[in-house]
Amino acid sequence: MADNPSSPVLTDRFGRRIDYVRLSVTDRCDLRCRYCMAEEMSFLPKTQILTLDEIGVIADRFIRRGVRRIRLSGGEPLVRRDFTELAHRIGRNIGHGLDELTLTTNGTQLARFAGDLHAAGMRRINVSLDSLKAEVFAHISRRDRLAEVLEGITVASAEGLAIKINMVVMRGVNDGEVLDMLRWCGAHDHDLTLIETMPLGQVSDDRTNHYMPLHEAIAPVRAAYDIMPIDYHTGGPARYFSVEGLRTKLGLITPMSDNFCSGCNRMRLTCQGRIYMCLGHEDHVDLMSAFRAGGVDAVDALLDEALGAKPLRHDFAIGTGLAPATRRHMNVTGG
Ligand code: SAM
Ligand code: SF4
């Protein structure tokens with residue numbers, strides 16, 4: 001399917017092959033993480049978001065244009081009704097153009113859906129977990145749901161899903177927990193990726209206060225363990241390290257302190273059907289309108305237009321009292 005000569009693979013004007021797509025299936029969420037959302041959010045009406053069927057058709061077209069990895073995200077993907085039907089539908093392409101289907105979830109509903117996700121062909125998922133302390137988790141996410149997330153992780157592991165924990169490190173909030181989180185991941189066979197907070201969308205907190213470069217956040221790890229860069233890639237932007245004596249890989253995502261855009265292979269489809277070629281830019285194409293007016297053939301032309309608009313890099317900066325780099329929140333774009 002991916003080798004159809006009339007559907008050339010997606011390559012941008014800087015020669016970067018785009019073979020990884022993140023699809024946000026909803027902007028809604030059952031948590032309100034402080035770095036991601038405000039407490040009071042207005043979500044999009046149903047008519048303004050792609051139906052699951054539309055997402056499925058568009059995903060097929062991406063795969064035909066050479067996309068080999070798809071990550072489903074949100075908002076919280078598992079709060080969208082019938083989400084697992086979409087996972088099954090896309091999962092049928094695994095081995096037929098698609099190498100991998102993955103998910104990023106906050107884990108609150110994982111216990112219920114993990115078996116179905118595995119049946120849909122998923123083998124690895126990312127679960128966001130910023131703290132193992134109930135009160136800190138509740139503070140960050142504004143919801144007291146740590147126990148459900150931990151239960152979800154346990155069930156998902158038992159179903160055969162490899163788990164990578166995503167932890168956004170915030171100074172004065174959870175930076176003191178990095179070492180404990182790493183050891184917990186080691187004890188449970190999970191990998192851990194640390195993320196720097198990014199200035200996406202207006203939230204009520206000032207992120208500048210909490211931003212922490214990861215080289216600082218991992219100082220306690222370096223003091224306790226030898227860590228070595230390893231040649232391991234998951235298609236995303238993390239750089240990975242082995243941690244001597246622990247059964248875990250440590251990934252670092254450093255959009256702020258160490259730009260990684262030169263190797264970018266990604267594009268994002270929002271739940272509104274917009275393609276953003278970069279998390280940090282407002283430029284986008286409106287795939288939903290084109291698709292609803294012109295059907296699936298209109299998708300190809302717009303994909304080419306989107307590629308022409310892909311910028312070389314994002315321009316995030318923090319620490320200078322800056323306004324958000326983008327008006328949209330991460331839950332709309334898909335993390
Ligand atoms: N709800 C799911 C979850 O939390 O895993 C998927 C969507 S969430 C937007 C995807 C990832 O983006 C999460 O790991 C979250 O921690 C991260 N994220 C959200 N807002 C962010 C921000 N402003 N800076 C850095 N990471 C952010
Ligand atoms: Fe929801 Fe994920 Fe954003 Fe937290 S990071 S509010 S779980 S979308």
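This is a predicted model: local features need pLDDT of at least 70, side-chain atom pairs count only at pLDDT 80 or more; totals for chains, interfaces and linings use all residues.
Biologist: What makes threonine 254 count as buried?

Modeller: Buried means under 20% relative accessible area. Threonine 254 has 3% relative accessibility, and therefore it counts as buried. This residue is placed in the loop between strand 9 (249–253) and strand 10 (266–269).

Biologist: How do you know that a polar contact joins the side chains of threonine 254 and arginine 239?

Modeller: A polar contact requires a pair of N or O atoms within 3.5 Å, one able to donate a hydrogen and the other to accept it. The side chains of threonine 254 and arginine 239 are joined at 3.4 Å, so the pair meets the cut-off.

Biologist: Which atoms of the protein lie at such distances from ligand 1?

Modeller: A backbone N or O atom of glycine 75 is 3.0 Å from a nitrogen atom of the ligand. For the side chain of serine 128, the distance from an N or O atom to an oxygen atom of ligand 1 is 2.5 Å. For the side chain of asparagine 166, the corresponding distance to an oxygen atom of ligand 1 is 3.4 Å. Each pair therefore counts as a polar contact. The protein covers 95% of the 540 Å² of accessible area that ligand 1 has on its own.

Biologist: What makes up the shell around ligand 1?

Modeller: The shell divides into six nonpolar, 10 polar and three charged residues. Strand 3 (100–105), strand 5 (162–169) and strand 6 (191–196) each give two or more residues to it.

Biologist: Which residues surround ligand 2, and how do they divide?

Modeller: Ligand 2 is surrounded by Cys29, Leu31, Arg32, Cys33, Cys36, Met37, Gly75 and Asn106. Five of these are nonpolar, two polar and one charged.

Biologist: Why is a set of residues called a nonpolar core?

Modeller: The name applies because its members are buried residues of listed nonpolar types, joined through side-chain atoms within 4.5 Å. The largest such core here has 92 residues, of which Phe62 and Leu250 touch the most other members. Leaving aside neighbours within four places in sequence, leucine 250 is in contact with residues including Leu182, Ile218, Val221, Arg239 and Phe241. In soluble globular proteins, nonpolar side chains tend to be buried together.

Biologist: How many residues of the protein count as buried?

Modeller: Of the 335 residues, 57% count as buried; the secondary structure comes to 12 helices and 12 strands.

Notes:
Residues are numbered from 1 along each chain as its sequence is written. Chains are lettered from A and ligands numbered from 1 in the order in which they are written. Side-chain values use heavy atoms; hydrogens and water are left out. Accessible areas come from the Shrake-Rupley method with a 1.4 Å probe; for residues, only the protein chains shown count as cover. Helices (H or I, at least four residues) and strands (E, at least two) are DSSP runs, numbered from the N terminus. Ala, Val, Leu, Ile, Met, Phe, Trp, Tyr, Cys and Pro count as nonpolar, Asp, Glu, Lys and Arg as charged, and the others, Gly among them, as polar. A residue is near a molecule or strand if one of its heavy atoms lies within 4 Å of it. Buried means under 20% relative accessible area, exposed over 50%, partly exposed in between (1.4 Å probe, protein chains only). Contact means heavy atoms within 4.5 Å.
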